[in-house]
Amino acid sequence: MRTASNMDVDVFPDLTAPTVVVMTDAHGMASEEVERLVTFPIETSVNGATDVRRVRSASSQGFSFVWVEFDWGTDIFKARQIVSEKLISVSSRMPLGVGQPALAPQSSVMGEIFFIGMQADSTSMMDLRTMAEWNVKPLILATGGVSQVTIIGGDYKQYQVLANPQKMKYYQVSMTELTEICMGVSQNSTGGVVRQFGNEYVVRGIARTSDIDVLGNSYIKSNNGKPVKINDVAEVVIGSAPKMGYASGSAKPAIIISISKQPNANTLAVTQRIEENLAVLQKTLPKDVKLDTKIFRQADFIETSVSNVQNALMEGGIFVIIVLFVFLGSFRTTIISLLAIPISLLGAILVMKMLGMTINTMSLGGMAIAIGSLVDDAIIDVENVYKRLRQNRLKPEHEKQSSFNVVFEASKEIRASILNATLIIMVAFLPLFFLSGMEGRMLQPLGIAFVVSLFMSLIVAMTLTPLLSNLLLSNEKYLAKNEKEKWLVRKLTHYYEQSLMWTLGHKKAVIFSTLGLFVVSLFAFSTFGRSFLPEFNEGALTLSVVIKPGTSLEESNHLGNLVETELLAIPEISSTARRTGRGELDEHSQTTNSAEIDVNFMLKERSQQEFMADVRTTLARIPGIAYTVGQPLGHRIDHMLSGTRANIAIKLFGTDLNKMFSIGNQVKSSIVDIEGLVDVNVDQQVEIPQIQIRANRDMLAQYGITTAQFNEFIDISFGGEKLADIYEGQRSFDLVLRLNKDYTESIEGIRSALIDTHDGKKVPLEQVADIVSVSGPSSISRENVQRKIVISANVAERDLRSVVQDIQKNINENIELPEGYRIEYGGQFESEAKASQTLMLTSILAIIIIFLLLFQEFQNFKLAGIILLNLPLALIGGVFSIWITSGILSIPAIIGFITLFGLATRNGILLISNYQKLQKHGVSLKETVTKGSSDRLNAILMTALTAALALIPMAFKGDLAGNEIQSPMAKVILGGLLTSTLLNIYIVPIVYSILNSRGIIKSEKI
């Protein structure tokens, strides 16, 4: 119990693919320059590294991002070491002025656990951003388990020296002189120590200041005997750094802080620690500053999901108690059987702890699916012991055996059947352990929890159950009181014997009608749609909104506000939080024309489908935007699988970006009308406006300006160069030098900027360069060293596989690709196809092993074959349960069928082993079949009903958070157990009697 309470709790097992992100600040370079000079060398160096499975990159203005994805199972620290070693050789080859390639802090998209919003009534956005940087961020980073904090929004405080070229010309100050002065404008110095009067004095030169008037008074040079200061040629101001992104909360300006956890950190514990720290911090902030912790909090989904699965577990347990009590009619037998549940589950938790696993919806789901089966072994044992003890009591005195012997023999009688039946169920789960990639990571904990708890229940049934049966059930008074079978059991046995006699007299009708049902189920199975995982129900949305490339950040922010305002008009939506552009250090390579909006909602009168349709209709009304609607976790899983925030990614590889964009739009036109396809978007990798300052080398030579001096002038004057740090107490801010806004905000201003010549004079820039307005790529995406453009789409109200098949058909028929261009498909369906194939092949292997186990018990291929008849009987119910509910076969549903095959064979084993025992004692065939079947009816019905009814809460509450993945499994098992049990108690006796009467099965007699 203590282990269980101390274990980490998470929503899913760790699904993070080992990924190392390399980020490089390319200091304002254009996208194609970043691709050629920065991204390409990095990609090439890491591409052949050990265990690397995919390299993706994005080159945008001033930034390069390279995602190096390793094989699943690679140790992330080893992966980081490999990438670090590869980067050593690349770093020296980086162009001048480009920052060193750096590894992003160790986290992942799935590791984003918390978003905090900061808003204020009177505090300025600059002060708010400063608080976020210097009060909030250090506190959160100091919290154990946090790996990265990214801030977006507000005004990033900067000390700026805005030079005036005309004044610089008048005072004969060159840009190089001003740059050198700014570098040392705020520094302290050390002068050793002075020892005097018995004291030791540290000597310090104090020139550091944050006063802009004092900074402006700094001396540059003397001109005609008069000192020239910074204030004479430039303006020193406190301003805002060029924005990279905007943030807003419910359409009002805000700052959004994104928090990522370290790998293997406990999300709930980290979130709790962050919230405790924030509660303390809130008291120290100005009264009008509000912290919003409700934007995105992964812990909410975890708590809801785990709680829902726990409820399903408990409700399932209650169903089990009711079934046991109704059938056994005895408090003692019910208690003995029920003890298997807590002991098995606690044993499973201990094993999971030893394997380093967490408690999550998958491991709890495995236990919830197993809960009905955990008592099965104990039920069979208790029921048989109880029956034999009552029979022993009715024997004449001289034939009676001691209760110890009766319990021992009764347990021994069904020991082999229990052992083999449980082993078979375990074998049926084998295919789960062959799954690789994300689906393996997600579903294997479910298999481990199921198999381990089932194995523990077997141990309990073989040891503790017989012991307790001997202690609690062998009392004479107790047996006398419970001499007769319970009323329900007597009635069921009576009616069953009558119906069995009827079916034995109408064998052909029963067999052919069952065969007909099986054929119908196979046809229904072939018509099912296919999908990877069911949709999650997270109670929140994540929208990706993209505007035309080249749109300014301000315009993107304005449109983003409009989107938020429109969304907030939908009654179910309670709040929105938007991030346009990107924050510093953010590995989401979002450009200024894209935004991510987190939407919190609470369903009222309308269903989820109606609400989602309304959201899409609302977004479709807003002109000039392309959008994708997802959910926080689902969106992150998609991003991890294909690098795209959508279910389906059609990747077009080629060389010419314009041609690729044109083909991408052709692809979009050919697929946009496919039923079930929504949010169809083409990556907006189109040309955006650029102002190019093209050096005229003849004129540069005329004025004695080198190309290095020309490039340095452009860099400092228009890009701005950080030259010093200005300290305010513990806080540091950049001091940046550039020309004032008259020269940096228009093409005319750029033309009239004055550049220094070799003889100290200045000439307008347009005299030594051609300044033209052209266009260039906005951002360039690549995968495995090839340029790519992605056509992304989501699927709604239809299955994934048929939509993908329609897409492939349309593209093959309508799109002709030029030489050197190709299309690849990625996304969830890729994982679904791979997982389905793996499960299919390994299921055949599991059925062969099951057959061999049955042969090992009965030493007869034909008897093993009769028991395997339960598989098609189980398939009938499983197929009809999918057909009635969703009509979609997902990976969890396939696993439901696999589990079902194991569970269904148990009843067949009980019947056949009993028939064999009776025939050995020379009982006639007719009596063997009737008595043998009715004798085992109680055990069969109890095991089937406990296993099936325990799944009802999970099957019927599939829309609740956390139950989405287990629900399809539960529905399949529930339906399959009902048909396999009902048909098994009639079909197996019929087939056994036919084969026996024809001499195909021979019985040994004692």
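Which strands and helices do the buried residues of H9 pack against? The model is predicted, so local features need pLDDT of at least 70 and side-chain atom pairs count only at pLDDT 80 or more, while totals for chains, interfaces and linings use all residues. Residues are numbered from 1 along each chain as its sequence is written, and side-chain values use heavy atoms, with hydrogens and water left out.

**View 1. Helix H9, residues 267-284.** Helices (H or I, at least four residues) and strands (E, at least two) are DSSP runs, numbered from the N terminus. H9 has 18 residues and reaches 26 Å from its first C-alpha to its last, close to the 26 Å expected at 1.5 Å a residue; the expected span is 1.5 Å times one less than the number of residues.

View 2. Thr-267, Val-270, Thr-271, Ile-274, Leu-278 and Leu-281 are the buried residues of H9. They cover an arc of only 90° around the axis and therefore lie on the same side of H9; the arc is that of the directions from the helix axis to the C-beta atoms. Buried means under 20% relative accessible area and exposed over 50% (1.4 Å probe, protein chains only).

**View 3. The packing partners of H9.** The buried residues of H9 pack against strands E5 (112-119), E6 (146-152), E15 (255-261) and E16, and against helices H4 (125-141) and H10 (298-328).

**View 4. Thr-293 in strand E16, residues 290-297.** Thr-293 counts as buried because its relative accessibility is 18%. Leaving aside residues up to four places away in sequence, Thr-293 touches Phe-114, Phe-115 and Leu-278, where contact means heavy atoms within 4.5 Å.
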